[in-house]
Amino acid sequence: METKRKLSLPQMGCGTWAWGNRLLWGYDPSMDRQLQEVFNLCVENGVTLFDTGDSYGTGRLNGQSEKLLGRFSREYRGVNQEKICIATKLAPYPWRLTRKAMISAGEASANRLGKNVDLVQMHWSTANYAPWQEWPLLQGLGDLYDRAEVKGVGLSNYGPKRLQRVHKIFRDRGIPITSLQVQYSLLSTYPVTELGIKEVCDELGIQLIAYSPLTLGALTGKYSQNGPFPKGIRGILFRQMLPKIGPVLQTLGEIAQGRNKTPAQVALNWCICKGTIPIPGAKNLEQAKQNIGAMGWQLDAGEMAELDKVSARVDKPMVQNIFQTQ
């Protein structure tokens, strides 16, 4: 069966998981104006892919991240307006068991956005605990595409074996897989270096998206092994990780200084040079400006080799997502 045209994606996106986490811990509407400014600045500078999920904002907040993105995109007027791409991930909750349930989930996201979703994605595979559950849900994603309610279909946290199985199912329906999200950064190379997911994506024509490309902020240069540390679980993780990643941070800093860039910009450009679309979070204008500064230039082969070398020697990499499959 002939496969239909794929959705085109930009060089870099903006992951709104940061908004989602903030919303989960307490939503402050006074930040909406600031977030709108972040959105506007990103679009003006060519960052037009915005990734969110229907689980970002639960209970009384009920998908607040999607609602905000929908409002921001509707109210934006300016350059690149027609290029805005809203991607959302639908969670395979235990109560979502049928293809109709996934169709309903996609339509609920569209209702919160106030427009059709551009790129709909399976948030994670259930292969590690309920492999039978995901097949009807994947068919539901395909139904959304066939009904022209979405422009593209993507996956998240899939390994090469599972991805190839899903690709065959969608290929038989003439549905292209636009993208695959995996946790990928200088401190989280496992999906690429050990699973070989990039080679499979290239072979199948699937764009790899790198989420958490700054490893929750560990690669920004903001934190050192002597502190201060962020609060909560992230602080515990950083206390364990930072003493082990000194060579990576040092190399990032040296390259950044030579390039007149920041360590975060170098880390993001590394992801871009690896052929992925990084989706760093941005909750304020300063973070957005930092992210935008990662575009429009490229690390040279020597710098990439140096970063690859120190990355491979890290003995305390980032903890992998428990839903990542083989």
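**View 1. How much of the protein is buried.** Of the 326 residues in this predicted model, 57% count as buried, meaning under 20% relative accessible area with a 1.4 Å probe and protein chains only. Residues are numbered from 1 along each chain as its sequence is written, and side-chain values use heavy atoms, with hydrogens and water left out. Because the model is predicted, local features need pLDDT of at least 70 and side-chain atom pairs count only at pLDDT 80 or more, while totals for chains, interfaces and linings use all residues.

**View 2. The overall fold.** Here you can find 13 helices and eight strands, which are DSSP runs (helices H or I, at least four residues; strands E, at least two) numbered from the N terminus. The C-alpha trace spans about 50 × 45 × 35 Å along its principal axes. Among contacts (heavy atoms within 4.5 Å) between residues at least 6 apart in sequence, 80% join residues at least 24 apart.

**View 3. Helix H6 beside helix H8.** The axes of H6 (residues 160–172) and H8 (residues 197–204) come within 10 Å and cross at roughly 15°. That makes the two helices roughly parallel, a label for angles under 35 degrees. Axes are lines fitted to C-alpha atoms over the stretch in contact, and angles run from 0 to 180 degrees between N-to-C directions.

**View 4. The residues where H6 and H8 meet.** From H6, Pro160, Leu163, Gln164 and His167 meet Ile197, Val200, Cys201 and Leu204 of H8. Six of these contact residues are nonpolar, two are polar and none is charged; Val, Leu, Ile, Cys and Pro are among those counted as nonpolar, and Asp, Glu, Lys and Arg count as charged.

Key. Angles under 35 degrees count as roughly parallel, over 145 as roughly antiparallel, 65 to 115 as roughly perpendicular and the rest as oblique. Buried means under 20% relative accessible area, exposed over 50%, partly exposed in between (1.4 Å probe, protein chains only).
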